[in-house]
Amino acid sequence: MQRAGTVYDGEGGGALRRALGGLRAWALSRRAELLCGALLLLMGANLLSTLARKSVTIDEVGEIAAGYYHLVDGSFDITSEHPPLPRMLAALPMLPMQPEKPSIETVGGESFARRSLVIAKIFWKANEARFVALTFWARVPTILLTLALGALVFVYTRHLFNSRAALLAVALYSFEPTVLAHGRVIKDIYTAFAYLLFFMALHFYAARPTLRRALVLGLATALAPLVKFSMLVVVPVLLLAGVVLVVVAPRRGQSRGRTAWHLGAALVATWLLVNATYYFQYAPLSQADAVWAVRYVRSPYIALIRHVAVTLKLLPTYFIFGIFGTLAHNAMGHQSFLLGMYSRHGWWYYFPVAFALKTTLPFLLLSICSLAWATREALKKREKKFLILLAPVVLYVGMALSANLNLGVRHLLPIFPFLFILGGALLERVLRVGQGLRRRCSKVVVLLLVGAMAFEAFRVYPHYIPYMNQLTWGRPGWHYLSDSNVEWGDDAPELAEYLLARGEREVRAAFLGGESTLARYGVKYYNLFRPLGEELPETRYTAIGASLLNGSTVYAIGGKGGKDFFAAYREREPEAVFGGGSIYLYRERD
């Protein structure tokens, strides 16, 4: 019996060792994928913990409410400034929670912008007791999409280069504060995802044309303008690429007719997804929106809406209305601020400056070097993969430089994935430089660059939205930039906690979104932008948002005042600053 037991133990131990050896071999063969997964899990934990500490941004107050009405009722006339898909995805986790849905049939006679504010107020008043829970879960899909974007960066970098470059690209992605700032906000990270997905799908189709890949390309084409109207730029890119592929098809051993058929299938897939997202609705514009269109977009636009959207029923009415509304907004401009200057139509160099100030110095340096390296490889060595990565960057940067809307570095997010891919490829190339001491030095350089980015990410946690790099040290961020670069209204919980700890349950204030969020955390908000003649109660403290403190958005928010509205506060020392420079609190009396 003892001998038999010994034999059994030996066989069992051998099987265990073989299993462990097999597991170890599998882990080594999938080392890059496992490390990528670990980085993205760490990033997800970071974003979720930040979500628990931050409120919604001013934009998300309306986005979440509108998304629920989009998803449940198909009401797409609530707000048409942005496409509905991100809002609808945000509303999905709310379905099992069954929030109250007050009727909005009587809300009319207002422009879409005003109507969305009224509906958001009605919705959140009905769901005030569950505001924190609803807004938390509504933002979780955005985090999942952010992690999916990281996976896309890995897959595409590995396809173009190798697994080590892909892992380095994901490391850059997961530690960059701009991505961490907007990876939880129901807005621009969707644009970055859609933009990368489109060019990936186009590349894969061009490399090996099949009907399945053509359909994926069509769906990716539709996704882009469904998350942001300005992304409609991918449609002419698709058409131009399709024409080129049809022309050169014989030289590639392919049929022109088959390639044209694929292009047609892609366009049909695009059309179907756009219409399905809007529930195939072709109803005419509301009277208020028609009046707005006549006023701001000129009357011939009404005829276009009627004939194209309603009569022909090719595209949803409010999809077309949103596109022209975006064009109108760009034409009218928006109040902006840069390095002490004020403008409604911005500056061509706004985004390069914002990028230089809002990204970590290692990533800034790496982006400049990798773009120069990729340009050299594309021009001198005719490396197509670098041209494939540079073209989307050049296209989007060209659009950004010519835009009148200078609202934040977040509008540059679509080029970030391409910069991470190029950065990862360049770092991997550095790791292969030389032998011996030179090779060890290159490893130290790469480790220092990635480590410095990781250090910055943990140093400023969880205050990523107002993050600015060391080029701005010594002065607050609002001296350089404004709007969502320095404040977006998500620091109401920290302000409320501070005030409640001192027995204060009310405050005179002016910060983005405060009127919608602060009361949900137990502090009454007295709006400093009160109607003329209305007196505000005296409070011990006054809270002012960074974007308003420099005066750049005072007119847009309050309808009066101008850049010197809070000039006196700019000279005072605040008692406390919240959110890493987002909200400034001043003591008015003891």
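P462 sits in the loop between α20 and α21. Before going on, note that this is a predicted model, where local features need pLDDT of at least 70, side-chain atom pairs count only at pLDDT 80 or more, and totals for chains, interfaces and linings use all residues. Residues are numbered from 1 along each chain as its sequence is written, and side-chain values use heavy atoms, with hydrogens and water left out.

**Exercise 1.** Find out what kind of peptide bond joins Y461 and P462.

*Solution.* Step one: locate P462 in the loop between α20 and α21; helices here are DSSP runs of H or I with at least four residues, strands are runs of E with at least two, and both are numbered from the N terminus. Step two: look at omega, which is about -5°. That makes the bond between Y461 and P462 cis.

**Exercise 2.** Work out the order of the strands in the five-stranded sheet, and say which strands stand at the edges.

*Solution.* Start with pairing: two strands pair if DSSP finds at least two bridges between them.
- β3 (residues 506-510) and β4 (residues 524-527) run parallel, joined by four bridges. In this pair, E506 faces K524 of β4.
- β3 also runs parallel to β5 (residues 541-545), with three bridges. Here A509 has A543 as its bridge partner.
- β6 and β7 run antiparallel and share three bridges. V577 is opposite Y584 in β7.

Now put the strands in a row: the open sheet reads β4-β3-β5-β7-β6, with mixed pairing. β4 and β6 are the edge strands, each with a single partner, so one side of each has no neighbour in the sheet. On average, neighbouring strands are turned by 30° against each other, direction ignored.

**Exercise 3.** Is β3 largely enclosed or largely open? Then describe how α21 lies on the sheet.

*Solution.* First, the cut-offs: buried means under 20% relative accessible area, exposed means over 50%, and partly exposed is in between (1.4 Å probe, protein chains only). Four of the five residues of β3 are buried, so this strand is largely enclosed by the rest of the structure.

Next, turn to α21 (residues 492-501), whose buried residues are A492, P493, L495, A496, Y498 and L499. Their cover includes α2, β3, α22, β5, β6 and β7, where contact means heavy atoms within 4.5 Å. The helix lies across β3, β5, β6 and β7, at about 20° to β7. That angle is taken between lines fitted to C-alpha atoms, for helices over the stretch in contact, on a scale from 0 to 180 degrees between N-to-C directions. Finally, step just past α21: G503 has a positive phi of about 75°.

**Exercise 4.** What do Y279 and F280 show in their phi angles?

*Solution.* Y279 is not a glycine, yet its phi is positive, about 55°. F280, also a residue other than glycine, has a positive phi near 55°. As for accessibility, Y279 is partly exposed at 34%, and F280 is partly exposed at 40%.
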